[in-house]
Amino acid sequence: MTYTDLIFLFGLFPLSAVLSLLDRSSEYKNMILIITSLVFFSWGRPFAVCLIFLSLFIDWAIGMAVGSMRKSNKLAAFVLTALDGGMNLGLMLLFGHNYLFDGTKLGLDAVMLPVGMGYYALRSFSYVYDVFRGKIRAEKNVFCLMTYSVSFHLMCAGPVVRYGDMEGQIRSRVVNTDKLNAGLNKMIWGLGKAVLLSDVFFQIRTAGLNGNEITTLGCWLGMLAFFAQYYFMFTGLCDMSRGLSLVGGFVLPINYRNIDPDELFTGLVKSYNTTVVGFFSELLGLPANKAKVRGAVCAVICGGLVGLWYQVKLNYLIVGLTAGLLVAIEQLFLKDKLAKLPAVVKYVYLVLLSLLVFGGLEFKSLYGYGKWLAGLVGIGTKYTLSVAVRDAVLNNIVLIAISFCIICLPVCKAITVGADKLSAKDRRYYGIVRAAKTLGTAAVFVICVITLAARAA
Amino acid sequence: MNSSFEKLKAEADRMVLPEECEENDRAVTFLALEMGVGHYDNLNLLIMSVLFIFVSVAFLAVSSGKISGRNEDDFTVSKEAFFSGELTAELEERYMSDLPIPEQMKAAEERISLLYGFGNTVTTRKNTGNYSGGNTNSQPDTDNNAFERDDSTKEKAVTTKAVVTDKDGNTVTAEKEAETAPGGGTTAVSRPSSTYSTMSTRYEPDETTTTNNEPPFVTTTTTVVTKRTDPTDSQASETEPTDSRASETEPTDSRASETEQSDTKPSDTDPPVTEGPAE
């Protein structure tokens, strides 16, 4: 089950929300959350997924042991933490990247939790790691830890929330109309991103990166569409995750930030997956690191780890390491020089660098990557633009324009500031702006429902 | 400067401000309602909640009205079914296939897509189906990128020769090779009580070359099971209407299927020749 399944959106989620609202106590809400999360994750393959839930008890026990030993026997606590890391790594490989085990006894038919498993494993390990570092106390109540670990609100590209940030909310939280309102709005706009916008760019990507008719513009547009597709899919799911959490009474940190050209390539890498990069950086001692060279080395390793976390494949490792290397070079040598450049040049720099580095994720071999690079400059291409790409762009030009307004920070800011100024003028204008926002949200919701239902038909 | 600050402070002290507590929250809410913010928030929440509940109830309660043809006995709640995932799969399939107004949803989606840009069209097709269920993912994972040099994805040319058929459309088959008795010599072996004959429903006279993308012409054969009571009866049974779905042929046991295979492989009809990769 995923966030964009109709049976989740209009079956499990409303059921969970309504049942949660029947009682004010957090214990009751946690119980409902655990039960519905079990249904959510066990939907496809209950037995196998139940094993994942069993790992939670191991995390809990190790956390307790590490908590009691971290002062008296640091080495034993370290070994236990490493063991927990190994177990979660194994779970992630087995259930999240199980294509590695094709043809063996461990092989499963399909990836079960393609995105959620990585977040699950990382979050579980982050709990034990935080106990080891002394940031939090070991949780004695296993149900609190279970709420933190298995809650479907936090899955599916949701941020890697640390237990320290969630503990208070798990023990006591209030669901009020403000949270419900903000949560539903956020969820619907996230759904729109994941269902409508992501799909548009998928069409352009498929047409542009079609090896049977390689065109120059197809190579450019196809790869840009590849980025946009995943950007909208991940940010959409992340927004949905935060929206669902608000409906459940949780407030989560922001995982995806808007791309700011002033932060250069380093900012782009960090903004894409803030909480994950933050955790890996902390794991490698990056924030507290004063030495520049050591920090640069850590950035490269961190890039490699994040790449592997996404997928255990060679091209992901290479792309991760390259991105880390570029971050290191930027921080060591180029930061001050690039900061003086105009914003437009910075945007061009970001787009070109992203294309060259992250474009490698799309190809399985250097041959394909090289062919695409040659296509960018017109080598090996007969035509500039194919009919398929042109049609894909023209058929969705309105949605592409909307996407541009969302991605491009200056345009997005201009629209927001304009709306704020208009609503500040008068009560009447304020009403118009709010009504337009509500109508827009309702329209997005209806269109998403129709699209999802039509796809299922 | 100092005096004005003290003046402001004294003024503030005179005012009775509520503490940071419930009263304070209530005052903020009251002010928000006065400004209209709260009203719009409530209105927004009301609209979204109603929409959500309406769609949820409609999807659960209203069925598509189509006859699904599934057997209610298939739905069994058991431990095995639960752990194997069959139960959840069945539940999801039922939910998806019972979603209301599938045709209208498709038509509405096409109408909406007209707003997305230029060149979108609305198809005037006869929409018949139920929700197929489980096909919500419109983004298949394009694992194999065509930029890649992958031998497995190269198209293989398949040369097929048309099946020879007579003027009635029946497949011309060679004389059956005499079946060999275990003893070695050629002798007649008694046939089973039912025989299998094949009929061709399509005539393709020329030799054609197709690729993997376009499957080669398939001569649909239908196996007609006839009781072998009289030799003339079996001839009559060959005029049975054909069925394009080969999978709906009569179920046969293993021995029978062997016989069928031998019947549909005439020796004078060239079998499809598979050549090496085109390039």
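Okay, let's start with one contact: in chain A, Leu196(A), Leu197(A) and Val200(A) of helix α8(A) meet Leu399(A), Ile400(A) and Ser403(A) of helix α17(A). If you sort those residues by class, you get five nonpolar, one polar and no charged. One thing to keep in mind as I talk: this is a predicted model.

So how do α8(A) and α17(A) sit against each other? They pack at an angle of about 110°, and their axes are 10 Å apart. Roughly perpendicular covers 65 to 115 degrees, so α8(A) counts as roughly perpendicular to α17(A).

Now a second pair in chain A. Helix α6, residues 142–150, packs on helix α7, residues 163–171, at an angle of about 115°, with the axes 10 Å apart. From α6(A) we have Cys144(A), Thr147(A) and Tyr148(A), and they meet Tyr163(A), Met166(A), Ile170(A) and Arg171(A) from α7(A). Those split into five nonpolar, one polar and one charged.

Let's go inside. The largest nonpolar core holds 128 residues, and the ones touching the most other members are Leu6(A), Val66(A), Val128(A), Phe201(A), Ile204(A), Cys448(A) and Ala453(A). Which element gives the largest share of this core? That's helix α9 of chain A, residues 216–248, with 17 residues.

Next, where the chains touch. On one side we have 57 residues of chain A, and they are in contact with 49 residues of chain B. Several helices of chain A supply at least two residues each to that side, including α1 (6–20), α3 (46–69) and α8 (177–208). By class, the chain A side has 30 nonpolar, 16 polar and 11 charged residues.

What about chain B by itself? Its secondary structure comes to eight helices and five strands. Walk along the sequence and you read α-α-α-α-α-α-β-β-β-β-α-α-β. How much of chain B is buried? Of its 279 residues, 11% are. And if you take the contacts in chain B with a separation of 6 or more, 70% of them join residues 24 or more positions apart.

Most residues other than glycine have a negative phi. Where is Leu264(A)? It belongs to helix α10 of chain A, residues 264–272. Is Leu264(A) buried or exposed? The cut-off for buried is 20 or more other C-beta atoms within 10 Å, and Leu264(A) has 22, so it is buried.

The other one is Ile101(B), also not a glycine, whose phi is positive and near 40°. You'll find Ile101(B) in the loop between α5 (86–97) and α6 (102–113) of chain B. Ile101(B) has 16 C-beta neighbours inside 10 Å, so it counts as partly exposed.

Conventions:
Residues are numbered from 1 along each chain as its sequence is written. Chains are lettered from A and ligands numbered from 1 in the order in which they are written. This is a predicted model: local features need pLDDT of at least 70, side-chain atom pairs count only at pLDDT 80 or more; totals for chains, interfaces and linings use all residues. Axes are lines fitted to C-alpha atoms, for helices over the stretch in contact, and angles run from 0 to 180 degrees between N-to-C directions. Helices (H or I, at least four residues) and strands (E, at least two) are DSSP runs, numbered from the N terminus. Two residues are in contact if their C-beta atoms, placed from the backbone, lie within 7 Å. Ala, Val, Leu, Ile, Met, Phe, Trp, Tyr, Cys and Pro count as nonpolar, Asp, Glu, Lys and Arg as charged, and the others, Gly among them, as polar. A nonpolar core is a set of buried Ala, Val, Leu, Ile, Met, Phe, Trp, Tyr and Cys residues joined through C-beta atoms within 7 Å. A residue is buried if 20 or more other C-beta atoms lie within 10 Å of its own, exposed if 12 or fewer, and partly exposed in between; C-beta atoms are placed from the backbone. Angles under 35 degrees count as roughly parallel, over 145 as roughly antiparallel, 65 to 115 as roughly perpendicular and the rest as oblique.
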